[in-house]
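Dear colleague,

Please find the structure below, handed over for your further work.

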Amino acid sequence: MDFLRPASWEEALAAKAEHPTAVPIAGGTDVMVEINFDHRRPEYLLDLNRIGELSEWEVGQESVRLGASVPYSSIMEHLRAELPGLALASHTVASPQIRNRGGVGGNLGTASPAGDAHPALLAADCEVEAESVRGTRLIPIDAFYTGVKRNALEPDELIRAVHIRKADGPQQYSKVGTRNAMVIAVCAFGIALHPETRTVRTGIGSAAPTPVRAKAAEDFLNAALEEGGFWENGKIITPAIAKQFAALASGACNPIDDVRGTAKYRRHAVGIMARRTLGWTWEQYRGAGRTLEGAA
Amino acid sequence: MTTPPKAQTVPAGTPTKITQGSPTKGGIGESTLRPDGTLKVTGEFAYSSDMWHEDMLWGQTLRSTVAHAEIVSIDTSEALATSGVYAVMTYDDLPAEMKNYGLEIQDTPVLAHGKVRHHGEPVAIVAADHPETARRAAAKIKIEYRELPLITDEASATAPDAVLVHEGRDDHHIGHVPHPNIVHRQPIIRGDADEAAKRADVIVTGDYTFGMQDQAFLGPESGLAVPSEDGGVELYVATQWLHSDLGQIAPVLGLPEEKVRMTLSGVGGAFGGREDISMQIHACLLALRTGKPVKIVYNRFESFFGHVHRHPAKLHYEHGATKDGKLTHMKCRIVLDGGAYASASPAVVGNASSLSVGPYVVEDVDIEAIALYTNNPPCGAMRGFGAVQACFAYEAQMDKLAAKLDMDPVEFRQLNAMEQGTLLPTGQSCDSPAPVAELLRLVKSRPLPPEQQWLAAGSEGTSVDVRALPGGLSNTTHGEGVVRGVGYAVGLKNVGFSEGFDDYSTARVRMEVINGEPVATVHTAMAEVGQGGVTVHAQIARTELGVNQVTIHPADTRVGSAGSTSASRQTYVTGGAVKNSCEAVREKVLELGRTKFGTYHPAWATAELLLEGGKVVTDGGEVLADLADVLEDEAIDIELEWRHRPTEAFDLRTGQGNGHVQYSFAAHRAVVEVDTELGLVKVIELACAQDVGKALNPLSVLGQIQGGTLQGMGVAVMEEIIVDPKTAKVRNPSFTDYLLPTILDTPTIPVDVLELADENAPYGLRGIGEAPTLSSTPAVLAAIRNATGLELNRTPVRPEHLTGA
């Protein structure tokens, strides 16, 4: 195995172009596990740790440009206001040690349905900045996940950053695991209210071959909120609407039975999380007092 | 050799509680600090996996990928041809007539012989100059398997045409088992359960399932074997019982025991999982074959295959009671899955049957326990050892009975609680304190933790502290669906090896003057696996010999056996041996003193003499001489074996017999919050009360009780090795999917300690390590049942069991 250590982003792109099978490694919290278990033995490892800009972020007017290697602990600490959903998701990632190393670029690169960041990214809405020696492109998150642990990157592309839409309303994130901390997701759910566009977006993790949005649930809710004038009148969402939203979110799952949980349970739990997180975000939108952001 | 274990000088520490009026600091009853504590916390402690030797090779084990198969062929040629590989060994390369090992029944092949019986069974071993080379070479060994039908449960094991897991059994259990796929069967019949059932106003039955728990010690199996010039081998290893290993290792190496010299290296936890041989023989074989030191370290994945687990069990129980709440009878049948090899299964059967009634008075019982041979992973010793599975079931029964009688579950238990003098189902009388009712009273009388602590924790009511809620940091509820439940349980565990086993220990104690100070050296073969034995040995030596300085010699096989660090026995038995040897040394010291100074003071002849604070004193406190003057340059050095009261085997048909040494009791109250919609559980508090006889080191006692409590909680809500019933393969051999409680899952564990002396034990002490592991699990289950109203006949509880989804 050859270990490539580019000193700059340009060198990294050149190396990836020359060795398209090279596996990029930053925090190593995913890649090293795979290598240690001998699940993969890449010909080349492309170490991105010398490229400082990958660990930086910029807060713009509309969005946050989050470097691919910004560790989860930084997101929790510095970007809670701009990216509340992702900050909550970051808090559920593994242990403090792992959160100091791992970043969103790794989650996207691996594209495991169990990656903790995905539901929050889907709900917030973002674009992945992919680059190669051929140029830069922004891949909408909805088009990014293409299959089980597959994504839309070309072999010569690297993830440089993620452009995440800044929160214009409350966001929430829930994850079910069979332990109260440091647990891989049995399933997860992210929700973001977007009052500016009067839309709600969602994301589901670990309950389908890829991270997915609960599109039908969003469409139903968006229509119901519009029809009832909820965005303006700030009334409590009726239980019937919440129930239908939960049922549709549940229906968006296409889960499997595995050692971590049953498909049936995953559908059930996603429905519960959808109903609860909708309640929390809507309460916050109504300005009913509590921030309900949890302890993150 | 860079890291031979060093002798440890045990600091006297700060006394926190003195229950013995000794002026010698750091004696028994004080919370002296562990010599290994700071090193472990700061990461400086040398574990067995840290050892290194110049020019050493690395060993690697190739394990079966299928659970039950004939081995058609093994081709090692490509592995042997790999550069850097020094040896590849299979069954055909074993040097001695003896090719099997085992704790009681030698049914386990050192390397598979023509057949594999479980997933992960060792088939070949490789030594190479780099661990990665060894691993890759092992992967090049080609094994052709012809799969055999799987035996996975009682039905498949005892079917008329069942394939035998072990053909041609000739062990001493084969004569009394109903089928060769049953390792051992122990019935216990006392009174007439059928007749007594007629007196019952209520009868409850239940079928219970206990999942396979792993010891999950943090330091994986590892050791270093160094060939010696006399053709023998030095083995440095993390184990629970050096001499038991020795007796299994030497015969398969074809060496006399004196040519296999073993030294304990740093042990990272055990909990029963190091009672069996893991890498010991393989490392010695490779070292002797190559003439080079060989180190083997399992990774976590391999560790799940490298040691036995807790027996999963199916238990059927029937209890009856009268209207006024008195138990009439109990019938039970306990089926333990021993997996492919016997390991400790026979003894686990003995415990499960003899302790199946729990700490209750039931005169009419009909009990049967068996352990199966199957193609599942081998199971053996784990903290609680057969008593854990039974306690889970009989405590569920107690709650069912109380509910049916509309009685308080604690009062119902107290009404039927055993006490000193109670006859157990084996006919053995409990002849020391048995404060079962009092332990229950203690946990019940504690105030309950405040409700809705997730609200109280937030500042100005603006935030919810999700850490106090089920789901924790995963942020699944802010109080929705959360219901509190409270549950109680109490358990009964034996201490020490039972059923007539010669359960002795050996201690060598030396006393001499170094730099003008009297110093005691304690040398035993006791495996310090984290239980704090080295701390306690130093305390005993200080108390008995009146010295401040005690050196603990590294544990090795140059001294006699200390028995196993298991069965809650080590402080009792090796502690007893240290005390006994110290007493013999003290007699010698006094003899020497009388010879030298007897004529100077009449008290030498007439008074009761003690050693305190480095001096010989009378029981009235008068100082007669300095120990330094008594000893001068003479060293007193005594090695003695020590035994507790003998026990008897259980009768094979009736189960009658004085089979146990001592009993140990603990009670728990569990308070849980359950998210009833998502099926997630947060254990808020696990209050424990335990009788310890005498707390030799109160801080260590607390650590044992809290640790045991947490290990019991683990198997209530998350810990389980999942074996695919279709393939008998382990599905979750990693800490990603075998979940252990984190600190956020750990409840507060307030502890009440009783010290009711057992007159038969050294200092009146009671073995403590296991009892809290018993009652913790059923208390948590009872609390979850209380919160949800569900029956929950299986542990661990998973979210889908609570949601029905």
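The centres of domain 1 and domain 2 of chain A, taken over C-alpha atoms, are separated by 24 Å. Domain 1 of chain A covers 2–45 + 56–165 and domain 2 covers 171–285; such bounds come from an automatic or database domain assignment. This is a predicted model, in which local features need pLDDT of at least 70 and side-chain atom pairs count only at pLDDT 80 or more, whereas totals for chains, interfaces and linings use all residues. Residues are numbered from 1 along each chain as its sequence is written, and chains are lettered from A and ligands numbered from 1 in the order in which they are written.

Between the two domains of chain A, the contact takes 23 residues from domain 1 and 23 residues from domain 2 (two residues are in contact if their C-beta atoms, placed from the backbone, lie within 7 Å). On the domain 1 side, α4 (84–91), α7 (118–124) and β8 (145–147) of chain A each give two or more residues; helices (H or I, at least four residues) and strands (E, at least two) are DSSP runs, numbered from the N terminus. The largest share of that side, seven residues, comes from α7(A).

Between the chains, 35 residues of chain B and 33 residues of chain A form the contact. On the side of chain B that touches chain A, the elements giving two or more residues are β30 (680–691) and α20 (799–803) of chain B. Of these, α20(B) gives the most, with three residues.

Kind regards
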